[in-house]
Amino acid sequence: MAIYVDADACPVKDEVYRVARRYGETVRVVANAPLRVPEHDQIELVVVRGGFEAADDWIAEQIGPGDLVVTADIPLADRCLKAGARALGPKGYPFTDDSIGERLATRAILDQLRQAGQYGGGPSAFAKTDRSRFLGKLDEMLVAIRKEREREARRAPGSGSDQGRPGGPM
């Protein structure tokens, strides 16, 4: 498992580092330009050159089942969900298969309104409550991924879970 951070303008990188260290998980901080990250064996900075979407493309190509992405980018979250990963926004709201379609549609409508000059707002400012919600949801998602990983390991052939069952190894 790895936690991918879409790092450009991500307000919760420090929280990700802290929680990932507690769980012993790898963090890949992906950005378009060099950033300062803590020196730690489990934290890797990946600088992807080549344009605005290059970091998103790199994450989408690398991520897979059992991984988690932290991003505010709705199209990137959609790509990661399609790859079997989980996605969490920096305000602590998870992207899910059930919600992603509506979020993409809302994004498209707001983009059209902005282009027509009828909507000038953006997301609300990042608040303490957002940080708290993010920490709780990140912890919850990592626990769920770990439990899922443990269940799969028990079901895997040769894991010892079929010992003594009919048809299992003796």
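Glutamate 25 and arginine 146 form a salt bridge in this predicted model, with their closest N and O atoms 3.3 Å apart; a salt bridge here is a side-chain nitrogen of Lys or Arg within 4 Å of a carboxyl oxygen of Asp or Glu. Glutamate 25 sits in the loop between helix H1 (13-23) and strand S2 (26-31), while arginine 146 belongs to helix H5 (residues 128-155), so the pair ties together parts that are 121 residues apart in sequence. Helices (H or I, at least four residues) and strands (E, at least two) are DSSP runs, numbered from the N terminus. Glutamate 25 counts as buried at 6% relative accessibility, whereas arginine 146 is partly exposed at 28%; buried means under 20% relative accessible area, exposed over 50%, and partly exposed in between (1.4 Å probe, protein chains only). Glu25 and Arg146 are also linked with Arg149 in a network of salt bridges.

Residues are numbered from 1 along each chain as its sequence is written. Local features need pLDDT of at least 70, side-chain atom pairs count only at pLDDT 80 or more, totals for chains, interfaces and linings use all residues, and side-chain values use heavy atoms, with hydrogens and water left out.

In total, the structure holds 10 salt bridges. One of them joins glutamate 148 to arginine 86, with the closest N and O atoms 2.9 Å apart. This pair links distant parts of the chain, since glutamate 148 lies in helix H5 and arginine 86 in strand S5 (residues 86-88), 62 residues apart. Glutamate 148 is partly exposed at 30% relative accessibility, and arginine 86 is partly exposed at 26%. Aspartate 130 and arginine 133 meet in a salt bridge at 3.0 Å, N to O. Both of these residues lie in helix H5, 3 residues apart, about one turn of the helix. Aspartate 130 is buried, at 7%, while arginine 133 is partly exposed, at 27%.

Turning to the nonpolar side chains, the largest nonpolar core has 22 residues, and those with the most contacts inside it are Ile3, Val16, Val27, Leu68 and Leu138. Strand S1 (2-6), H1, S2, strand S4 (68-70) and H5 each give two or more residues to this core. Such a core is a set of buried Ala, Val, Leu, Ile, Met, Phe, Trp, Tyr and Cys residues joined through side-chain atoms within 4.5 Å. Leaving aside residues up to four places away in sequence, isoleucine 3 touches residues including Val16, Val27, Leu68, Leu142 and Glu25, where contact means heavy atoms within 4.5 Å.
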